[in-house]
Amino acid sequence: MSQEGRLQGTFLNSVWPEELKVPELLKSATVRSLHANIDHEWDPLQRSACQTAAGRALWNHVIHDPVAEVLAGESFLRNLYEKMRKDQLSNAREVSGVILAVRTLWFDSRIEAAINSFEGGTAQVVLLGAGMDARAYRLSCLKECNVFEVDFPDLLQTKAALIQEAIRSAEPQQIAMIAKSLIRVAADIRDGNWLEKLQRSGFAPERNTVWVLEGILYYLPHIHAMQVLQSIAANCALTPTILLADFMNKCSISISHSTFQFYSDWPDHLLPTLGFSNVKLSQIGDPDAHFGLLHDPQNLFNKLRNLPRSLQTHPEDGTPCRRLYLVEASGFPNQATA
Ligand SMILES: C[S@@+](CC[C@H](N)C(=O)[O-])C[C@H]1O[C@@H](n2cnc3c(N)ncnc32)[C@H](O)[C@@H]1O
């Protein structure tokens, strides 16, 4: 083997060693029992939150998330880890979880840019379908921000209990809240009163706001996804607003047995009709959605983004063009039409 090959092998083994090391914290009785409840009682929608946390935990050479492992739990870590090892051993062009890693890093960078675009770097940041997101504990750009996490009540309770366990077992200051404040709001965003609940929890409609809709819209029925987007657009009439969201296209939600519902092939056309402006759309692999993680130039994402977006199937092999769009849009009081 060449020296380069040996170095690459050593690097990959140091990133994802041959065996997954499960931290002691995950073996504690409290954490085990919280995760047993997740495994047995939660539906796939809620469990998807642990899946994404597992992605962040296992891509920890590029994402520093001090609580991702405990939030993911052993079974989700093992499942994803097995897939990643297989990909690595078969020299796959894309390693499992890379979409999650790129998506996380894209949202991190856009959240920071959005906050900095407001005078004084202060804003409220609302995470809809926050799941096991731990940005309040890991992004320094949130230090002057009030953060709101909206999700189902049992998910938020379990999350708080897991983070408490992690803090209890860590060295002092190893895991600390960075955000100015963090408020968890138990709400189902399909219900008409979620915005009211958010306001009752301290959300101020007239304050600069960054809305983070990461991995959530496509789990909603079409009507509810549209209502959520319309409610946010309506807020643009009151205050400078930045929306960050990912959208699946129609091919992506058509996978059999999938729980996905809402899609948009043209979110860059849809959002202006709701009152948003300055819509910028990126695809995985674009210069701002790459982060040095897609080494093989022939990877699936490069192939896709070089094809016209109107194509439903790949002309070479007839496979469906499944796309994930990363979208940023804004709205200001004097521009909003919705
Ligand atoms: C794939 S996870 C994404 C979590 C997080 N945004 C992330 O990227 O790590 C989807 C999350 O949306 C939440 N969710 C789905 N439907 C919801 C609804 N109707 N109301 C509130 N939360 C919802 C789930 O409970 C889950 O935590």
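This is a predicted model: local features need pLDDT of at least 70, side-chain atom pairs count only at pLDDT 80 or more; totals for chains, interfaces and linings use all residues.

Biologist: How many residues surround the ligand, and which are the closest?

Modeller: A residue is near a molecule if its C-beta atom, placed from the backbone, lies within 6 Å of it. Here 20 residues surround the ligand, the closest being Ala49, Thr52, Gly129, Gly131 and Gly215. Helix α3 (residues 44-58) gives the largest share of this shell, 5 residues; helices are DSSP runs of H or I with at least four residues, strands are runs of E with at least two, and both are numbered from the N terminus.

Biologist: Which domains does the shell around the ligand draw on?

Modeller: Domain bounds come from an automatic or database domain assignment. Domain 1 (3-89) and domain 2 (98-331) each supply at least three residues of the shell.

Biologist: Where does Gln173 lie, and what is its phi?

Modeller: Gln173 lies in the loop between α7 (153-169) and β3 (181-186). Its phi is near 70°, a positive value in a residue other than glycine.

Biologist: Is Gln173 buried or exposed?

Modeller: A residue is buried if 20 or more other C-beta atoms lie within 10 Å of its own, exposed if 12 or fewer, and partly exposed in between, with C-beta atoms placed from the backbone. Gln173 counts as exposed because it has 6 C-beta neighbours inside 10 Å.

Terms used:
Residues are numbered from 1 along each chain as its sequence is written.
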